[in-house]
Amino acid sequence: MRMLDILEHKRCKQELTDEEIAYFVNGFTHNEIPDYQMASLLMAICLNGMTERETAVLTDCMAHSGDMLDLSDLGNTTADKHSTGGVGDKTTLIVAPICAAAGVKIAKMSGRGLGHTGGTIDKLESIPGFRVALSEAEFKKQVQTIGLAVMGQTADLAPADKKLYALRDASGTVNSIPLIASSIMSKKLAAGAKNIALDVKCGSGAFMQTADDARALAEEMVRIGKNCGRNTAAVITDMDTPLGTHIGNALEVTEACAVLRGKGADDLRELCLILSAHLIAMAKQMDYDTAYCTAARVLQSGEAFEKLRQMVTAQGGDASVLDRDTCFLKAAVEREVTAPQDGYIAHMQTQTVGESASLLGAGRETKESKLDYAAGIVLHKKTGDFVKQGETLATLYAATDEKCRAGEQRFLQSLTFSANKSQKTPLVLGTVE
């Protein structure tokens, strides 16, 4: 079998066989297929798609490309959660401790930033001393002891996805339903949790631009999960506006802690309660409304915040930084972005906001790029807000004036103003169970 033949088949919109899919997954994982050929195949898949069968086979091959974590000895309340990515999406930092405080065992592997979106592991690594590399024994022991562990994807679990994930980011092949579904679900299957909640983003800051595409992705992933014996539910949510007010790694940790301490943005808090309720309902076998009330109770009581502090301490981090109202990392340069005119913010092109944060240093341009954990944006105004000319829209944080100027220029390009207030998009656009 030759990679050139597989490339030709997909370029000509032919359905790949099980053997062909296994060949390129195994070959790329073991460095037998070069990046440039794999990038060509990824682009062909982006352009020509994959059938349900191809996607299922690809997911299975990626999941079995390394070790499969066995969590059966932890019982049936093990749970995992994934977001398809967005701008300002720090929900894992809130949902995981809420669920753990409610008696669910959160065993989560998380990834790094991809494209204009942030990654949970990058956020956690901004906490001084926090360790994302855990052995399987450490991971399971921590879940058993405190009910919560979040670690980076190891080299031994779904290594095919780890390599493909980085290459997709660097080759412009992120936005593809089969590639997104197989990437997410291969990690979820390999990580071993019994219950899986998926947050599928939709809008200008999401990989899925339309509600129809988001639903198609959600249905694909839920189908994969259920066929593999996992309780799986997906929530389709709006990403036409950044989530919350803080964008950037340390900044997002600070905002997540604010929510866990009873403060923070309403949209972020509500989405986290909804996602938590779905996981609690599946894991604890209770109805959704009861699960939602349980999530709200442990959030209000401070039990969820204490779970986050326990996890940070257990993984070597300095939990004292979580108690601060201001960001625990200070950028060298701060810059206020002011409104160029009077009017309502009619639209905030969220991907452009994410690109602005990346220019500031909060994201990666290539897979080798290093992050500035202190860089990012704090929004003072969002879609639907009225502003006067000269009023502060956002504060930018970066290492240099040059990066702040570039970030400001891109941020302003994201905004559309209007004399009339625009209608607010619902936070939740649908559910797939």
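Two strands count as paired if DSSP finds at least two bridges between them. Helices (H or I, at least four residues) and strands (E, at least two) are themselves DSSP runs, numbered from the N terminus. Before we go on, a word about what you're looking at. This is a predicted model, so local features need pLDDT of at least 70, side-chain atom pairs count only at pLDDT 80 or more, and totals for chains, interfaces and linings use all residues. Residues are numbered from 1 along each chain as its sequence is written, and side-chain values use heavy atoms, with hydrogens and water left out.

If you find I247, you'll see I377 of β9 standing opposite. On to β11 (residues 392–398): four bridges pair this strand with β9, again in the antiparallel sense.

Now turn to the faces of β9. In a regular strand the side chains alternate between the two faces of the sheet. In β9, G376 and V378 are on one side, I377 and L379 are on the other, and all are buried. Here, buried means under 20% relative accessible area, exposed means over 50%, and partly exposed is in between (1.4 Å probe, protein chains only). Both faces of β9 are covered, then.

Next, the charges. Side chains of opposite charge can pair when their charged atoms come close. The name for this here is a salt bridge: a side-chain nitrogen of Lys or Arg within 4 Å of a carboxyl oxygen of Asp or Glu. How many salt bridges does a search of the whole structure find? The search finds 26. One of them joins the side chains of K90 and E255, at 2.7 Å from N to O. K90 sits in the loop between β1 (78–83) and α5 (92–101), while E255 belongs to helix α11 (residues 249–260), so this pair links parts of the chain that are 165 residues apart. Both K90 and E255 are buried.

Helix α11 has another charged residue to look for. The side chains of E252 and K123 meet in a salt bridge of 3.4 Å, N to O. E252 is in helix α11 and K123 is in helix α6 (residues 120–125), 129 residues apart. Elsewhere, E15, D18 and R53 are linked in a network of salt bridges.

Finally, visit some loops. N31, between α2 (18–29) and α3 (35–48), has a positive phi of about 60° although it is not a glycine. With 61% relative accessibility, N31 counts as exposed. A158 is likewise a residue other than glycine with a positive phi, near 50°. You'll find A158 in the loop between β3 and α8, and this residue is buried, with a relative accessible area of 0%. The loop between β3 (148–152) and α8 (159–171) also holds D156, which counts as partly exposed at 46% relative accessibility.

One last stop is G129, in the loop between α6 and α7 (136–146). G129 counts as exposed, at 54% relative accessibility. In sequence G129 and Q315 are 186 residues apart, but in space they are 8.1 Å apart, C-alpha to C-alpha.
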